[in-house]
Amino acid sequence: MALREEKKRATRLAIADAALGLFVAHGFDRVTVAEVAEAAKVSINTVFNYFPTKEDLFFDRQDEVINRLAVAVRQRADDESPAAAVRCLFMDELRQHEPTLGLSADATTFWRVIDASPALQARQRLLGEQAEAALAEAIAESVGTTERDIRPRLLAAALAGIDRALHAEIRRRVTAGDSVNSVRRDIGKAAAAFDAVADLGA
């Protein structure tokens with residue numbers, strides 16, 4: 001069973017890598033799923049078995065993106081607030097050079113593909129909305145509120161908004177050519193904004 005799962009992961013990665021190479025070279029909207037299948041040396045049906053839509057090929061880590069903040073809240077210590085958990089996650093990612101933060105000149109290629117495709121821009125917005133909804137659900141579960149209590153949704157909106165703003169600032173600074181070390185330092189200081197909204201969940 002372990003060998004089978006490893007083979008499936010390898011196939012999925014090979015398809016995603018082939019797709020990204022084509023998207024970078026030709027643009028997302030100009031590449032077909034058939035071309036991705038040919039590049040990955042698999043059938044079109046195999047591609048769709050792993051990636052139901054073409055957008056899924058580009059955002060191949062979207063489940064992690066959607067659940068990232070919610071998982072941090074669910075796994076936090078008993079004496080840690082949701083806001084503190086989210087800030088801790090962000091700071092850990094900053095220290096560990098998490099690739100999805102975009103703290104690399106290579107990230108500009110990824111952003112360029114998104115900027116050239118309305119379909120990818122729409123999917124990126126959807127992922128943000130889904131991540132915020134997942135975070136609100138996790139906060140509500142952790143504090144035991146009712147559906148009529150708006151505070152978990154307010155806190156989730158504030159925390160997700162700060163997270164998006166920090167990611168956007170990283171993108172702006174890296175694109176402008178600022179050094180990674182200076183961006184990391186300044187973003188680390190700016191992450192204190194998470195603490196400013198902690199009382200929304202009280």
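Biologist: The residue is T109. Which helix does T109 lie in, and is T109 buried, partly exposed or exposed?

Modeller: A caution to begin with: this is a predicted model. T109 belongs to helix α7, which covers residues 107-115. Its relative accessible area is 23%. Buried would need a value under 20%, and exposed a value over 50%, so T109 counts as partly exposed.

Now the link across the sequence. T109 and A25 are separated by 84 residues along the chain. In space, their C-alpha atoms are 9.9 Å apart. That is one pair.

Next, the setting of helix α7. The protein has ten helices and zero strands. Along the sequence the pattern reads α-α-α-α-α-α-α-α-α-α. The C-alpha atoms fill a box of roughly 55 × 40 × 35 Å along the principal axes.

Then burial and surface. The protein has 202 residues, and 39% of them count as buried. T109, at 23%, is partly exposed. The protein exposes about 11500 Å². Carbon and sulfur atoms supply 54% of that area.

Last, charge. There are 27 positive and 31 negative side chains. The centres of these two sets lie 2 Å apart.

To return to your residue: T109 is in helix α7, and its C-alpha is 9.9 Å from that of A25.

Definitions and conventions. Residues are numbered from 1 along each chain as its sequence is written. This is a predicted model: local features need pLDDT of at least 70, side-chain atom pairs count only at pLDDT 80 or more; totals for chains, interfaces and linings use all residues. Side-chain values use heavy atoms; hydrogens and water are left out. Helices (H or I, at least four residues) and strands (E, at least two) are DSSP runs, numbered from the N terminus. Buried means under 20% relative accessible area, exposed over 50%, partly exposed in between (1.4 Å probe, protein chains only). Accessible areas come from the Shrake-Rupley method with a 1.4 Å probe; for residues, only the protein chains shown count as cover. Lys and Arg count as positive and Asp and Glu as negative; His and the chain ends are not counted. The place of a charge is taken as NZ of Lys, CZ of Arg, CG of Asp or CD of Glu.
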